[in-house]
Every structure is written in C-alpha cells, then in structure tokens.
Amino acid sequence: MKLDITSFGFRHGKVDADLVVDCRQIWNPHSDLKLRTMTGLHSKVRDRVLDTRRAQDILGGITKHIINELENDTEQLSIAFGCTGGHHRSVALAQEIYKAWRRANGVKATVYHRELKGGGA
C-alpha cells in the first residue's frame, strides 16, 4: 500500500486526502514562547505534543485505520494532519505516523509538511 502523509495548517487552506485529521484539540506549542519558533520536527515540541492524551488517542485511531486498510488490500491511502498554522501539532503527528509505518511490510510511506520550507521530513 502507498501511504501518503501530509501535515498542513488550516489557516493556509485545506488539503485533499482520504482522511483529514484535525489536531487543533491538542495542546498548542505556539503558546509556549520557548517552543514557538521550533517545529514538530524538534524533539522538544514533538515530545510535548505526543505526551498529551489527545495525541495518543489520535495516533491509536489512525493506526487502527491503517491496519484496516491493509487488511482490505487498499492500494493507496492519503492522510492529512491539520492544525492551525501547520508547524507544530500536525507535523509531530504526521512524522510519528510516518516513522511508525515507513519500514512496515507492504507499505511505502511518504511524508510532506506543506507549511515547512522544503517540505521537511
């Protein structure tokens, strides 16, 4: 299965994907002056975001969804994670799903961070 993962900011427009995940319910690192200039690719931001119950619930649900799609022999699945600006929460979750599935048997995963310069990864 080809798994395309995207992070984006709702403020900059939506994306077209099979599944769009709204991450705005998760604690926002933008509110912390020390984390504001970092992105979800930085360990301090990633760890703080992933330490929330809501992020863990989302990741668990997405993992179950991917497993279900694999069992149904889905050839391609696109998942987009969105938050307000597309720099912190959505990036952290998209990257985490990418890391979990990039080496899985039968899965070819890619990740693109739309709001980060160069798409990050």
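**Note on helix packing and ring contacts**

1. His65 is a residue of helix α2; helices here are DSSP runs of H or I with at least four residues, numbered from the N terminus. The model is predicted, so local features need pLDDT of at least 70 and side-chain atom pairs count only at pLDDT 80 or more, while totals for chains, interfaces and linings use all residues. Residues are numbered from 1 along each chain as its sequence is written, and side-chain values use heavy atoms, with hydrogens and water left out.

2. His65 has a relative accessible area of 27% and is therefore partly exposed (buried is under 20%, exposed over 50%, partly exposed in between; 1.4 Å probe, protein chains only). Not counting residues up to four places away in sequence, His65 touches Leu19 and Leu77, where contact means heavy atoms within 4.5 Å. Thr39 is 26 residues from His65 along the chain, and their C-alpha atoms are separated by 26 Å.

3. Two packed helices are described by the angle between their axes and the distance between the axes. For α2 (residues 53-71) and α3 (residues 89-101), the axes come within 11 Å and cross at roughly 40°. Axes are lines fitted to C-alpha atoms, for helices over the stretch in contact, with angles from 0 to 180 degrees between N-to-C directions. That angle makes α2 oblique to α3 (under 35 degrees is roughly parallel, over 145 roughly antiparallel, 65 to 115 roughly perpendicular, the rest oblique). The crossing is right-handed, meaning that the near helix is turned clockwise from the far one by less than a right angle.

4. On the α2 side, the residues that meet α3 include Ala55, Ile58, Leu59 and Ile62. Their partners in α3 are Leu93, Glu96, Ile97 and Trp101.

5. Helix α1 (residues 43-50) also packs on α3: the axes come within 9 Å and cross at roughly 85°. This makes α1 roughly perpendicular to α3. Arg46, Val49 and Leu50 in α1 meet Arg89, Ala92, Leu93, Glu96 and Lys99 in α3.

6. Which aromatic pair does a search of the whole structure find? One is found: the ring centres of Phe8 and Phe10 are 4.8 Å apart and the planes are at 65°, so the pair is edge-to-face. Rings of Phe, Tyr and Trp (its six-membered ring) pair if their centres lie within 6.5 Å; planes under 30 degrees apart are stacked, over 60 edge-to-face, the rest tilted. Phe8 is buried, at 0% relative accessibility.

7. Arg24 lies over the face of Phe10, 3.8 Å from the ring centre. The charged end of Arg48 sits over the ring of Trp27, at 3.9 Å from its centre. The criterion is NZ of Lys or CZ of Arg within 6 Å of the ring centre and within 35 degrees of the ring normal.

How values were computed
Helix = DSSP H or I, 4+ residues; strand = E, 2+ residues; numbered from the N terminus.
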